[in-house]
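My entries follow the structure as shown here.

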Amino acid sequence: MFKKILATIVYAGGIFFLIITKLFLMNLFPSIFTHIDIIMLFFVLCIMRGARGGIVWFAFFTYMILDMLTAHAFGIELIAGVLSVLGVYWFFEDVFTNLSIWTAGILTVFGMVVFRVLYMVLGVLFARIFDIYTFSISTGLLRDAGFEIMMTAILSVPLYAIVIKMANIWSKERIRYS
Amino acid sequence: MKKRYQTIIGISIVLVFVILLRTLGVLRPVENMFTGMLYSLTSISYDAEVGAPEHTSNTRLSSTFDPELMRAICTIDTSENILLKEENEQLRKQLNFFSRSRYQHTGADVIGRTVDPLSTTVTINRGARDGVARTNPVIVGDGVLVGTVIEVFDSVSYVRLINDTQSKIGATLLNKERTIGLVEGGYDIGVQMNFIPQNEIVSPGDMIVTSGLTDNMPRGLNIGTVEYIEKQPLEPFQQAVLKPIADLSYLTSVSVIITTTTSQE
């Protein structure tokens, strides 16, 4: 029981930390860096480091809060985010199962493409359903989405290498002291 | 495979349920709590990025005397004074504009950007409590339009800037023909005026103002000036690339036009 409560607190803290980091990234860094989707990067790295199905629920709560902080219709970011993390999870389980830096890049591109395609489709759909919202797919939007996918994928490769390196150092330390 | 179908169905049910709760307004208190809390935290980072002056910096003067430190403090204070002077100038212009016009308004501070990198929207510290409503125009300086309110919470609102990819505002060119067109964002940091008939004469430097044809948008708010014209011989329309008057990447104090009806009317 105590373990479960502790796990819930850790997860809630994790979600809060992720969102705060994203907000700070959006406000403090120049526009090139604001296009890095650290949320997707985090989920890809978690999945590659052995996260189980519970990661989808983690994604659900993270994207739900993020959706409250975006200016478009509620549900777009939530549905797109949860389904893209689920897609990445299954893609890693079935297709790209090896643990290499290239897999990190490919999974990030896959996740981001699914996320942005769903985002645009749902944006148009929600604009049709709810009259108060407007959404149109313009060249500017497509260019921004492409840039975001590229920036996030580029960062995923060194980031995964760093995570692996740190994990190796940590496991060596554990062997030495055990 | 059967388990995966069950997962998809389960997730879909939860997603639909949550969206339904939001549509019914059940999640509104949670939303108000999160937006208020998170944006008050991140306003610090936004202020740091745009260089908005801190208003509580006098305590630093009580530190022990050190020439290097004092020089550094003087430099910071000088730049803060410049920023305060700029802000003061902006507010004075806004005040002049509203004293001449017939709009009811409320002043607001920009406290951050929203989390979606594909949109150019900012958060202001005024919400439904202050009378702000969806589609209210947001201005700076001497009646310069910077965006429209698109989402309102209790104490904060989201403003879609005119250079956002989804922004579309009816506008008039102040040329001889008073050409009407649509000002759209999404062209890097710039803004474009589209649907200008080919036969109309447009010159660089022409002023563009709101036409009043967009919902809730008063006529005559300044948007920008024509920088150059894009004209294809076989196209029915030409486009004018605009230079917005306001610096959209540096917004600190804005005013929301709540209603265009006058109190005397």
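I looked up strand β3 (residues 137-140) of chain B first, and both of its faces are covered. B:Pro137 and B:Ile139 are buried on one side, B:Val138 and B:Val140 on the other. I count a residue as buried if 20 or more other C-beta atoms, placed from the backbone, lie within 10 Å of its own. Side chains in a regular strand alternate between the two faces of the sheet. Strands here are DSSP runs of E with at least two residues, and helices are runs of H or I with at least four, numbered from the N terminus.

The model is predicted: local features need pLDDT of at least 70, side-chain atom pairs count only at pLDDT 80 or more, and totals for chains, interfaces and linings use all residues. I number residues from 1 along each chain as its sequence is written, and letter chains from A and number ligands from 1 in the order in which they are written.

Next I checked the partners of β3(B); strands pair if DSSP finds at least two bridges between them. Four bridges join β3(B) to β4 (residues 144-152) of chain B, and the two run antiparallel. B:Pro137 stands opposite B:Thr148 there. The two strands form a hairpin with three residues between them, and B:Gly141 in the turn has a positive phi of about 50°. β12 (residues 253-259) of chain B is also antiparallel to β3(B), joined by two bridges. B:Val138 stands opposite B:Val256 in β12(B).

Last, I turned to chain A, which has seven helices and zero strands. Buried residues make up 39% of its 178 residues.

Notes. A residue is buried if 20 or more other C-beta atoms lie within 10 Å of its own, exposed if 12 or fewer, and partly exposed in between; C-beta atoms are placed from the backbone.
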